[in-house]
Amino acid sequence: MIKNLGFNFDNTYADLPEIMATKLSPIAVKKPKLVILNKILAKSLGLDLSKISDEQNAEIFSGNKLIEGSSPLAQAYCGHQFGHFVMLGDGRAVLLGEHLDSNKQRWDIQLKGSGKTPYSRSGDGRAALGPMLREYIISEAIHFLNIPTTRSLAVVETGEEVIRETKLKGAILTRIASSHLRVGTFQFVAAKQDIATLKTLVDYAIERHYPELIQAQNKAVALFKAVMKRQIKLIVNWMRVSFVHGVMNTDNMSISGESIDYGPCAFMDQYDTKTVFSSIDHYGRYAYGSQPVIGQWNLARFIESLFPLLDKDEKKAEKIANDLIVNYEDLFAKEFHEMMKNKLGMISDEDQDKRMMRDLFKLMHKNQADYTNTFRYLINGKFPQEKLLNDPDFIIWEAEWKKRLSKNQNSEDAYKLMIKNNPVFIPRNHKVEEALSEAEKGNLSKFLLLCNVIKKPYDENVNQEDYTKPAPASDRIYKTYCGT
C-alpha cells in the first residue's frame, strides 16, 4: 500500500447495495511506464506526487500498487448503445475510490484499461495508448474551454500489447470525475426491478450532486429536472465550440452533467449539422446537429427508469414523465438562443436575432465555412482565403449584424462577450492525429505542444496561428474509432 501522498479516500459508492458493483483490484501489468502526469491537476487535488519517482507513479497509476484507503471496484450499469438496450458495467475500468480534496469536494479516481472485470463480456479489459492519449488531450481541452468534464490525471504504458485491428501499445488512463453515476446506472437498477435500491440511488445522487434537493417533495422528479437542466447546458456548450461527442449512449450521459467517455469524439471544422466522425455511426445518430435530440431521447430513458418513484399509479407516473420530458425542447431552444447571442455579441433582445442566426448558419453551410474561425472573424476581422467573405449575401448579413450591435448600450461589452464565448483554439483533428501518431512512436513533443495550446483557448497568440487552421482538404474525411 502506498501512503502519504495526499490521497484522502472516503468511499461512499462502495457502501451502496451489492448489486451496484463488484469489488476487485486492477490486474497487474508487466512493465508500467509513466507517459504523462497532469501535475497541475494533481496539485489542485492536494496530491503531492513530486516526492516519488516516475517509476513509483507508474506503479500507482497502472494499478500495480494500491493506494492506502482505496477500495477498488467495477461499477454495474446498463446502456442504450445506438438505441439498443445492453447490460453493461465497467468492462475495462476500476474505480479506486473517492478522494476528498482540501475543500471537501469529492472526486472519483478511476483507472481505465485496468483489465478484465465481470462486466467485460468478450472484451480484453485493456486499452491502447492512442485512445487513452486522445481522452487525455480532449478532456483537458474541454475543461479549458470552460465546459464541465471528467479530467485526465495520468497515462501509463503497460509494457503489454493489445490486439485491435493490429497490435498496439497497451496503456491505462487515470480519470478524475465528480462521479461516474450515469443514466445507465439508474437503468440497471430499474431493469433489476429493485425499487428499494432505486430509492437509495436517487438519494445518493441528490446527496452527492444536488444537495439543495434533499428536502424535495418528490426527489425523483426534482432529480430529473436538475439533471435535464445540466444536460441541456452541457450539450449547448458542446455545440458552442463545435464539439461532437460521437457516442451519446445512455451509459455515457453523466448524472453530474459532466462530459464523459471520449471515444470517437472530434471537433467540427466546416459547419455542417450532419457532421459525423465515428467510424461506427453509419446513420448519423450522433451527428453534430443530432446531439440535442439524442439528449432528449436519453433523458426519456432516464425518466422511464424512475417510473416506480414518480407515482404508484402507472398511468399517473407516465403522465408525470411525459409532462417533464416535453419541457426539454423549449428549455433547450432558450439556452441555445442565449448561447448564440453571446457568440454574436447580442446583449439586448431584438426581433431579428433568431432570423439572423438562421441566416448565418445557412451562409456558413453554403460556403463550407470553418465554424470556429467564422466567429473569430467577427471579432478580429481575420479570415484568410475564406470563400464566405466573398459571398454577397454574407456581406449584406455582416453589415446588418454590425448595425444590430449598435443597439447594444456598449459595443465594447459585446466584443468582450464574444471573446469569452468564441475560442481561438480548439484541438483541430489533424493536429490531434499528428500528435498521437508521434506519441505512439515514443515522441511526445507535438503532444505536449498541443497540451500547451489548449490551456489558453480564448487568447490570441500569433506564435500559434498554425493551430487555428482547419485540416487540409485531403484530411477532411476524418474518422475516429472507439478504441475497444
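Which residue in S10 does Ala127 stand opposite? Read on for that, after a word on the model.

1. This is a predicted model, where local features need pLDDT of at least 70, side-chain atom pairs count only at pLDDT 80 or more, and totals for chains, interfaces and linings use all residues. Residues are numbered from 1 along each chain as its sequence is written, and side-chain values use heavy atoms, with hydrogens and water left out.

2. Ala127 stands opposite Ala171 in S10. Strands here are DSSP runs (E, at least two residues) and helices are too (H or I, at least four), numbered from the N terminus. Strand S8 (residues 127-128) pairs with S10 in the antiparallel sense over two bridges; pairing takes at least two DSSP bridges between two strands.

3. S10 has other antiparallel partners to look at. S7 (residues 106-112) joins S10 over five bridges, with Lys112 partnered by Leu173. Three residues sit between S9 and S10 in their hairpin.

4. Eight of the eleven residues of S10 (residues 167-177) are buried, so the strand is largely enclosed by the rest of the structure. Buried means under 20% relative accessible area, with a 1.4 Å probe and protein chains only.

5. Now to Leu363, in helix H11 (residues 353-366). Leu363 is buried, at a relative accessible area of 8%. Leaving aside residues up to four places away in sequence, Leu363 touches Leu388, Asp391, Asp393, Phe394 and Trp397 (contact means heavy atoms within 4.5 Å). Leu363 and Leu388 are 25 residues apart along the chain, with their C-alpha atoms separated by 7.3 Å.

Technical notes:
Buried < 20%, exposed > 50% of the residue type's maximum accessible area, 1.4 Å probe, protein only.
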